Amino acid sequence: MKVSFLDLKSINGERREAILEALARVVDSGRYILGAETEAFEREFADYCGVRHCVGVGNGLDALELMLRAYGVGPGDEVIVPANTFIATWLAVTGVGATPVPVDPAQDTFNLDPERVESAVSAHTRAIIAVHLYGYPAPMNELREIAQRRGVRLLEDAAQAHGARYHDRRAGALGDAAGFSFYPAKNLGALGDAGAVTTDDDGLAASLRKLRNYGSSGKYVHEVAGVNSRLDEIQAAILRVKLRALDADNARRAAAAAQYSRELSGTPLRLPVEAPECTSSWHLYVVRCGEARHALAEHLAAAGIDTQIHYPLACHCQAAYAGAGFSSEDFPVTNRMQEEILSLPMGPALTNEDVAHVGRACRVFFGGAGS
Ligand SMILES: *Cc1c(COP(=O)(O)O)cnc(C)c1O
């Protein structure tokens with residue numbers, strides 16, 4: 001039996017007809033840049049997240065970078081970021097010329113640890129970027145309290161958290177602004193690159209609408225030196241189709257996660273935590289394997305099961321930041337995590353049989369009962 005990590009072909013194949021209809025609508029519209037589909041998707045996604053504005057951009061990295069730029073973050077400024085995140089969170093900060101200040105995560109959630117964030121805030125700090133890593137909401141109430149008291153922005157990197165909930169709000173509505181990616185493998189995935197910023201801040205939304213479109217406020221009127229990072233009309237049309245299925249897709253992920261947790265409860269694996277105020281989008285199901293990671297991954301591969309590691313090499317260990325002066329000793333939790341974590345197959349197309357097969361293979365590996 002083969003269990004692929006994420007079967008995009010079958011996820012999109014399920015909606016083939018609706019996607020092709022959406023494409024035909026764009027072809028027939030004659031408007032291929034910032035047209036009716038982009039406008040409609042922006043309204044629908046803002047409503048979905050529970051905020052006033054959604055501004056579509058080219059990809060998730062641009063969403064984060066433009067959000068920082070629109071808030072005036074630049075050279076000399078510091079931005080607090082998780083040490084354990086996908087590199088885009090850091091690249092957005094260095095992209096505007098500011099300095100990323102990484103902090104180690106909390107052991108149990110893999111998310112920002114408010115105490116460590118508090119000690120990392122300096123006179124130069126302008127913003128905190130909380131990443132809802134693997135789809136699990138960061139402790140936003142504690143972070144908001146710190147951000148307000150210290151007078152800095154609280155931003156979300158919600159690239160893995162479409163539809164995740166924290167108390168009674170959704171990711172995208174939990175800080176001053178949020179950056180989303182619609183990269184094909186995300187919970188809400190396009191068939192190419194796409195991204196967006198969500199916010200209740202009218203001024204920020206207006207700045208972003210200019211920045212993403214050459215800094216223009218009207219045709220051939222350029223108020224700032226902006227960029228070309230618009231949400232593609234075709235991707236917007238596809239995203240409207242996929243947004244309608246997002247809650248159902250996330251429910252299928254949550255069911256797979258619950259089944260994993262039952263199947264794996266007797267093994268030495270450390271499983272993802274779930275606090276009552278947090279509803280994960282289950283972008284990934286990440287277990288901690290201690291010393292056994294390599295051997296377990298090999299065992300699963302032999303049983304036809306794909307696994308991945310998110311992420312095998314932390315940003316402070318990457319050549320891209322070699323000259324930046326980060327010391328590996330400052331991030332013991334991240335260092336240990338990257339040795340121990342393993343992402344099991346996860347996605348809306350995963351069947352009960354798939355999860356049962358993975359569960360069985362893990363139990364056999366640890367010498368327990370195979371069924
Ligand atoms: C995917 C991702 C991004 C970047 O999104 P792109 O659309 O690929 O630029 C940023 N942050 C996190 C946490 C991500 O997972």
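## Close-up views of a predicted protein chain

Figure 1. Among contacts in the protein chain between residues at least 6 apart in sequence, 71% join residues at least 24 apart. Keep in mind as you look around that this is a predicted model. The protein chain is built with 13 helices and 14 strands. Its radius of gyration is 21 Å, close to the 21 Å that the globule rule gives for 371 residues, so the chain is as compact as a globular protein of that length. Along the principal axes, the C-alpha atoms fill a box of roughly 70 × 55 × 40 Å.

Figure 2. How much of the chain is buried? Of the 371 residues in the protein chain, 55% are buried. The accessible surface comes to about 15,400 Å², and carbon and sulfur atoms account for 51% of that surface.

Figure 3. A disulfide is a covalent bond between the sulfur atoms of two cysteines. How many disulfides does this chain have? The count comes to 0 disulfides. For Cys54, the nearest cysteine sulfur is that of Cys49, 7.1 Å away. A disulfide needs the two sulfur atoms within 2.5 Å, so Cys54 is in no disulfide. Cys54 is also buried, because its relative accessibility is 2%, under the 20% cut-off.

Figure 4. Find the loop between strand S4 and helix H7, and you will find His132 in it. Is His132 buried or exposed? At 1% relative accessibility, His132 counts as buried. Leaving aside residues up to four places away in sequence, His132 touches a list of residues that includes Asn111, Met140, Glu156, Asp157, Gln160 and Leu174. Several alanines are on that list too, among them Ala138, Ala158 and Ala171.

**Figure 5. Two tyrosines with a positive phi.** Tyr134 has a positive phi of about 65 degrees although it is not a glycine. This tyrosine belongs to the loop between strand S4 (125-131) and helix H7 (140-150). Now move along to Tyr214, which is not a glycine either and has a positive phi of about 60 degrees. Tyr214 is part of the loop that runs between helix H8 (202-211) and strand S10 (216-218).

Figure 6. Where is Tyr311? Tyr311 is found in the loop between helix H11 (293-302) and H12.

**Figure 7. Asn335 in helix H12.** Asn335 is part of helix H12, which covers residues 332-340. Not counting residues up to four places away in sequence, Asn335 touches His316 and Ser328. Asn335 and Asp104 are 231 residues apart along the chain, yet their C-alpha atoms are separated by 9.2 Å.

Note on methods
Residues numbered from 1 in each chain as written. Predicted model: local features only at pLDDT ≥ 70, side-chain atom pairs only at ≥ 80, totals over all residues. Heavy atoms only, no water. Buried < 20%, exposed > 50% of the residue type's maximum accessible area, 1.4 Å probe, protein only. Helix = DSSP H or I, 4+ residues; strand = E, 2+ residues; numbered from the N terminus. Rg over C-alpha atoms; globule rule 2.2 N^0.38 Å. Contact = heavy atoms within 4.5 Å. Areas by Shrake-Rupley, 256 points an atom, 1.4 Å probe, with all protein chains shown as cover.
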